[in-house]
Amino acid sequence: MTLAKARASRITRTIATGAAIAAAALFAAPAAVAANSPQPRGSSAVFVQSDDTTANTVVAYARAADGTLAQQGVYATGGKGGILPGTVADHLASQGSLAYDRRHHLLYAVNAGSDTVTVFAVHGTHLRRVQEISSGGSFPVSVTFHGDRVYVANTLGGGSVQGFVRTGERLVKVPSWNRNLGLDKATSAVGQISFTPDGSKLVVTTKASGQSIDVFPVGAHSGPSARPVVTSTPGAVPFGFAFDSAGRLRVTEAGTNSVGTFTVGRDGRLTAKGTVPTGQTATCWAVTAGNHLYVSNAASGTLSGYRVGAQGQLTALGNTATDAGTVDAAASSDGRYLYVQTGIKGLVDEFRVGANGSLTAIGSVEVPGGVGGEGIAAG
């Protein structure tokens, strides 16, 4: 057995023992819950983070057959949200601060003001708080998972990445899975962190002094590589990103208000495949729904839609108006509905996705305490 495998085995045994002892004592009640009883785990739901600086919360909504949302409960994370200086519509200036593991019925939320991550167990639209754990850095803004591995990106203090192992419903931090990004300590550094679809790599976008896309190869039984493969994109300001069905990386470039396409090599090197301008302002977030891509333009208050062709080409579908401050978005698992946070008033705008990629507005819901909040996930 290699040293890395032996270490992973010891970590897993330790986690399992500690989790079994602690799980019985850990529970949390929602800050406020509707009177109806919890729904089955497989029911449709949308979760939205408020990022409230007094007490961060996750708001759960049930999705009706027509795609509209109805609030079901408000759940305290146990931590506090945060506000980066100068931000208005999106206080975290990031994508992916809330992540939903449908397979294991777990929801991960960052608490930027507390430097922690909260784990919820999901039962339909009912959440049970299981754990709040240190993020391993300063001001966490994005979280991702694959299998039993969870990683969080911290944006301040030079930027950092911290890895965890999941056992059951709980996380245990692995100190050796921490990577410092070495960026300017005085600025917000990270846009997003996410695994590639196959889980073999971690992708991190860096803004401000970085302006790069960093790729960390991740071993099957070990943490990320000691150093990332760095693709510099000066002037582009890479922010959010999404993967299409073929695994191509679609990156929003806030500096040029465009969408860049890259393929990810086995060694972590990126190959640029073209850039498409949105013609909008503050292009910062991206989400895929079936064979369509949508990017959020915060200052324009719009979504730019694209059809993804068989060879990866993007065909513009036009812009759709939203409420002011278009930020993070999530698509339902069947790709039929799109939900978009609009941070100026703290709303979620609801859209039906047509077969041709067109968006039809079907309503909006308010997020309690959600002005400037970021973080949305859909079942």
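A cavity is a set of grid points where a 1.4 Å probe fits but cannot get out. With that in mind I examined this predicted model.

**Confidence.** I looked up the confidence of the protein chain first: the mean pLDDT is 90, and 89% of the residues reach 70 or more. Where pLDDT is low, the predicted coordinates should not be read in detail.

I counted 1 cavity of 30 Å³ or more. The largest cavity holds about 40 Å³ of space. I noted V48, Q49, Q341, T342 and G343 among the residues that line the largest cavity. Two or more lining residues come from each of β2 (45-49), β26 (337-342) and β27 (347-353). I sorted the lining of the largest cavity by class and found 4 nonpolar, 7 polar and no charged residues.

**Largest pocket.** I recorded about 1100 Å³ of space in the largest pocket. Its lining has 40 residues, of which Y100, R102, F145, S194 and T288 are the closest to the centre. Strands that each supply at least two residues to this lining include β5 (98-101), β9 (138-146), β13 (190-195) and β21 (283-289). By class I found 20 nonpolar, 15 polar and 5 charged residues in the lining of the largest pocket.

**Second largest pocket.** I recorded about 260 Å³ of space here. Of the 19 residues that line the second largest pocket, G86, T87, V88, D90 and A93 are the closest to its centre. The lining of the second largest pocket divides into 14 nonpolar, 4 polar and 1 charged residues.

Technical notes:
Residues are numbered from 1 along each chain as its sequence is written. This is a predicted model: local features need pLDDT of at least 70, side-chain atom pairs count only at pLDDT 80 or more; totals for chains, interfaces and linings use all residues. Side-chain values use heavy atoms; hydrogens and water are left out. On a 1 Å grid over the protein atoms alone, a cavity is a set of points where a 1.4 Å probe fits but cannot get out, and a pocket is an open set with protein on both sides within 12 Å along at least five of seven lines; lining residues have an atom within 4 Å of a point. Grid points are joined across faces, edges and corners, and a volume is the space filled by probe spheres set on the points. Helices (H or I, at least four residues) and strands (E, at least two) are DSSP runs, numbered from the N terminus. Ala, Val, Leu, Ile, Met, Phe, Trp, Tyr, Cys and Pro count as nonpolar, Asp, Glu, Lys and Arg as charged, and the others, Gly among them, as polar. pLDDT is the predictor's confidence in each residue, from 0 to 100.
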